[in-house]
Amino acid sequence: MAQEQNFHMSAEELRRAGYAMIDWIIDYHERIEDYPVLSQVAPGDVRTQLPATPPQQGESFDVVMADVERIILPGVTHWQSPDFFAFFPANVSGPGILGDLLSSGLGVQGMIWATSPACTELETHMMDWLVAMLGLPQQFLSSTAGGGVIQDSASSATLCALIAARERATRFRTRDQGLESGLVAYASSQAHSSLAKAMMVAGIGRNNLHLVAVDDQFALRPDALAARIARDKAAGLTPFFVMANVGTTSSGALDPIRPMGEICRAHDLWFHVDAAMHGSAAICPEFRAMHDGVELADSYTFNPHKWLFTNFDCNAFFVADRAALINALSISPEYLRNAATESGAVIDYRDWQIPLGRRFRALKLWFVIRHYGVAGLQHHIRQHVALAQEFAAWVAADSNFELVVTAPLNLVCFRHVGGDAVNQALLERLNATGALYLTHTRLADQLVLRMSIGQAKTKRRHVLQAWALIKQISAELRQSSQYANL
Ligand SMILES: *Cc1c(COP(=O)(O)O)cnc(C)c1O
């Protein structure tokens, strides 16, 4: 009998291409410093090299990989480069890569416990481990009324917190009957944009996010928060949600959690703590002061996919009262009914997130934690913080530059004293060299450069090189006619 036609990749071909892919990834990481950190392509450069129509007949994988080298790599900004100091780290690791690969290979859909018990139970266990590793309060353990869940991003975590808060404040009616008016939320003027977006998506409206004044270190002022809540209540509005950033994306400012939490308790408001990047530092006990008062939080989130060597996507989201979250988000169609769910003995994480489907993301976190151990993770976090503090000291000692805020951890905000135009030119010339990648922010209406240190392979020599280049290019700028008055 003739063999049935089949276009799948054969087991032999997958084995060959798979080993070659692992080799390719390892070689890429070894040669990563040879590439310009920031992709230098112009808009459209990648697309013009792609055929207008898809191939009618399948192609060999080797041909595809050749196009990865030729078309894709030039259009990649190398986030894993040790010279990547932009935005925030999105660091990866060997065990993280292997965990993601295994998740792809298993191809599990973990929407409910019954669709793969290991996917749910490993996730519950990892979230409990993180509570211990970061010294988070007991209310976030799965053995309490609360618990943790892996989300795709901190933005999703904050949206889920906001929706749970909306339902708690409107007695779980809004999800069925639509929105009542008058709800208002609060965060500092430095808060991450994901909260404004969550207000839009949750039907509350971004104009009802009231931004609260900050102090000279750009941290929220509790007195201003209390005053604004009192004013809004007197005006007949319904405050329901407060978010603290620990720290802010712009400058790493640490909002004061304890006084904010006390205000939330006094007014019965949902208190959400977004520690997306800086939260990872709590794995080191000496950096936990930033979490003082976190036991007052209704929800807490941080990103192992930023600064804990776990490949994107892996966000950890904890709630103190899981019923509020589940009652806000659960929906049970007939085709997903099953005995385990009905018994109430299992967790169905579909009810803790916006989408139904979910990948087996706990695997990579498990691999990372077991590979490094807590001590290994602490070592690398400490090293990044020490490098950032050393860089901050160099800036402070150079009269051409100034620190804009005290750098609490691994993010240094600084500027050339010559003004915005000089800093803009400095940033553009630095990034055009390809030797590093830095980004900027605005603080107190001034252009500020951000040095974010957290890539897995960043060592002291990379930070030294970056500082030497920053000084060299600023000296060149001073000599050019345009900035002659410097
Ligand atoms: C990076 C960041 C976010 C967004 O994280 P995503 O996982 O990309 O959604 C939110 N808040 C803060 C404070 C951040 O630093």
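**Ground rules.** I number residues from 1 along each chain as its sequence is written, and my side-chain values use heavy atoms, with hydrogens and water left out. Since I am reading a predicted model, local features need pLDDT of at least 70 and side-chain atom pairs count only at pLDDT 80 or more, while totals for chains, interfaces and linings use all residues.

**Entry 1: the ligand.** I started with this: how many residues surround the ligand? I found 13, and the closest are A154, S155, D274, N303 and K306. To be near, a residue needs one heavy atom within 4 Å of the molecule.

I then sorted the shell by class and got three nonpolar, eight polar and two charged residues. In this scheme Ala, Val, Leu, Ile, Met, Phe, Trp, Tyr, Cys and Pro are nonpolar, Asp, Glu, Lys and Arg are charged, and the others, Gly among them, are polar.

Helix 5 (154–169) and helix 10 (304–307) each give the shell at least two residues. Helices here are DSSP runs of H or I with at least four residues, strands are E runs of at least two, and both are numbered from the N terminus.

Next I looked up polar contacts (pairs of N or O atoms within 3.5 Å). D274 has a polar side-chain atom 2.6 Å from a nitrogen atom of the ligand. For H305, a polar side-chain atom sits 3.2 Å from a ligand oxygen atom. K306 has a side-chain N or O atom 2.9 Å from an oxygen atom of the ligand. The ligand alone exposes 380 Å², and the protein buries 90% of that (areas by the Shrake-Rupley method with a 1.4 Å probe).

**Entry 2: helix pairs.** I describe two packed helices by the angle between their axes and the distance between the axes. The axes are lines fitted to C-alpha atoms over the stretch in contact, and angles run from 0 to 180 degrees between N-to-C directions.

Helix 3 (residues 94–106) packs on helix 13 (residues 362–396) at about 150 degrees, with axes 8 Å apart. That pair is therefore roughly antiparallel (over 145 degrees).

Helix 13 also packs with helix 15 (residues 460–479), at about 25 degrees and with axes 10 Å apart. Helix 13 and helix 15 are therefore roughly parallel (under 35 degrees).

Back at helix 5, I saw its axis come within 9 Å of that of helix 7 (residues 193–201), crossing at roughly 50 degrees.

**Entry 3: backbone details.** Most residues other than glycine have a negative phi, and most peptide bonds are trans.

Where does G247 lie? I found G247 in the loop between strand 4 (238–245) and helix 9 (257–267), and a cis peptide bond joins V246 to it, with omega about -10 degrees.

The bond from F312 to D313 is cis too, with omega near 5 degrees. D313 belongs to the loop between helix 10 and strand 7 (315–319).

Last, I checked F218, a residue other than glycine with a positive phi, near 70 degrees. F218 is in the loop between strand 3 (209–212) and helix 8 (222–234).

Key: A polar contact is a pair of N or O atoms within 3.5 Å; within protein, one must be able to donate a hydrogen and the other to accept it, and residues adjacent in sequence count only if both atoms are side-chain atoms. Angles under 35 degrees count as roughly parallel, over 145 as roughly antiparallel, 65 to 115 as roughly perpendicular and the rest as oblique.
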